[in-house]
Every structure is written in structure tokens, then in C-alpha cells.
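Take a look at the model below. This report covers some helix contacts and a metal site.

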Amino acid sequence: MRAAVLSDIHGNLPALEVVLAAIAAARPDAVWCLGDLVGYGPWPNEVTALVRDQADVCLVGNHDLVALDAAGVGLDEFNREAAEAALWTRRELNDETRTFLHSLAPQASQNGTGLYHASPRDPVWEYVLSGEAAAGAFAAVPDSLILVGHSHVALASTLAGGRLSLDVAPAGTELELTARHLLNPGSVGQPRDGDPRAAWLMLDLEGRAARFERVDYDVRRTQDEMRARGLPSPLADRLAAGL
Ligand code: ZN
């Protein structure tokens, strides 16, 4: 069983297209998406339609919930630019996109693997970027393999014999899955780990291996469309730096 994992696409169609092409070339048995299809980027409906078409499992993320104006997920959790982009996205979503996003949950279980948009303790909001948060994730659920998105930072945390490690996972990082692991594939559409390329993760569950992948995409095309649609300029600028 080989699964391709992607997350945090955020309405960035050029980034999603190159990732899906790379995934198709790798011929996985399944495609798993960890959520945040919309928010920030200028193509929320196009991105949602492609993911609906191509992903076998898809979670909902905090930005998707805010765009749906879902109860309990308020704009006050967002900074000014993210809130402005969320309001733009809310107006932009068509009925098909809304119906699909409404049908999704922020967590799922596949082939003995736990999938969470954010974390097992809080599938919508908690960022797993510290050893403390990773330890909390391992303590919260029995899964030997935990997949999370949300932070937009590709990373791997391993719990083996009571010892926990947490490291960022740059392009090409390969991991043997021999203990308990928490993996974040990084973000397709708005990377925040200093590498502007679109991120995804290839998993081989029988071969017990994981590989962190990055692919170049046309950042300029996304930036130009964001500015043309009146989305906040700093959100476009950051894509070039991957921060
Ligand atoms: Zn996100």
C-alpha cells in the first residue's frame, strides 16, 4: 500500500497541478489530503474540484471551516490578512465547493494510520511544531503512524523506546518507519519552512518508508492572480520566500 499525502493547498492551483502530476507519475494506491483546500489563494473552487476528483480521502481544515462560516470557527482566530482572505473566499465559494467542504471531517483513519488536519488532541487548531506537542499527539492516540498538516512545515517526529525526536524534513528526506512516527508533508500552496516549492509526502506502508518531496511551480502566476483578485499583497509576497 503506497499513499501520497498532501495538505494545505490554500487555493493555489498552479502548485496543486504540479503536485498532482508528480503524484500521478509515482502511481500511488491512494491519495490522502489533510485539509485547508481554500483560504489565502485565488482559486478555491478549482482547487476543491480537483481534490474532490483526485483524493481518496480528504479532511477539512480550519480555513475551510472559516470559509464555510461554520459554527464555532470564528475569524477572530485569524490575523488581519488571513481574515481578509477568508472573507474574500467566503464570497467566492460556489455551491458545489460548499457542499463538498461541508461533507468533510477534520480527522480520519486509513490503513491503521491516523490522519488529522492539525493534531490528534485538537484536529482543527493545534500546531505540532514542538516536542511537547508531538508528545501530546503520541499520547492521545494509539496509531503508530500519525499524519498532520496545518503548520505548513514539513517535519518528522519519532518516538522510539521512550525517546522523542522532532526534525524539519527538507526535500528528499527519507525515513524508515520502524517506530512511532508523526509526519507533516508540508504545504502544497503556502510553504512556511523556507523552501517555496510545493510539498508532498510519499508513504510506503508495507515497505515502511516515507519520502518528503518538493516540486517547483509557477509562483509568479499565483502571485499575479492574487493581486489581480485584490487579495492582500503580503500573502502573495510570502510565496516567493516560502515563509
Ligand atoms: Zn493551512
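## Helix α2 against helix α5

In this predicted model, P44, N45, T48 and R52 of α2 touch E96, T97, F100 and L101 of α5. By class, this contact has 3 nonpolar, 3 polar and 2 charged residues.

Helix α5 covers residues 95–102. Its axis lies 9 Å from that of α2, and the two pack at an angle of about 50°. The crossing is left-handed.

## Helix α2 against helix α1

Helix α2 (residues 44–54) also packs with α1 (residues 13–26). Their axes come within 10 Å and cross at roughly 20°. Angles under 35 degrees count as roughly parallel, so α1 and α2 are roughly parallel to each other. This crossing is left-handed.

Which residues in α1 and α2 meet? From α1 come L13, L16, E17 and L20. From α2 come E46, V47, L50, V51 and Q54. By class, the contact has 6 nonpolar, 1 polar and 2 charged residues.

## The zinc site

Which protein donors does the zinc ion have? They are D8 (OD), H10 (NE2), D36 (OD) and H152 (NE2). These donors lie 2.0 to 2.3 Å from the zinc ion. The 4 donor atoms subtend angles of 87 to 176°, so the arrangement is irregular.

The donor residues follow the spacing D-x1-H-x25-D-x115-H in sequence. D8 sits in the loop between β1 (2–6) and α1. D36 sits in the loop between β2 (30–33) and α2. The pair therefore ties together parts that are 28 residues apart in sequence.

Technical notes: Residues are numbered from 1 along each chain as its sequence is written. This is a predicted model: local features need pLDDT of at least 70, side-chain atom pairs count only at pLDDT 80 or more; totals for chains, interfaces and linings use all residues. Side-chain values use heavy atoms; hydrogens and water are left out. Axes are lines fitted to C-alpha atoms, for helices over the stretch in contact, and angles run from 0 to 180 degrees between N-to-C directions. Helices (H or I, at least four residues) and strands (E, at least two) are DSSP runs, numbered from the N terminus. Angles under 35 degrees count as roughly parallel, over 145 as roughly antiparallel, 65 to 115 as roughly perpendicular and the rest as oblique. A crossing is left-handed if the near helix is turned anticlockwise from the far one by less than a right angle, and right-handed if clockwise. Contact means heavy atoms within 4.5 Å. Ala, Val, Leu, Ile, Met, Phe, Trp, Tyr, Cys and Pro count as nonpolar, Asp, Glu, Lys and Arg as charged, and the others, Gly among them, as polar. Donors are N, O and S atoms within 2.8 Å of the metal (3.2 Å for Na, K and Ca); water is not among the atoms, so sites may look incomplete. Four donors count as tetrahedral if all angles lie between 85 and 135 degrees; four count as square planar and six as octahedral if opposite donors are over 155 degrees apart and all others between 65 and 115; anything else is irregular.
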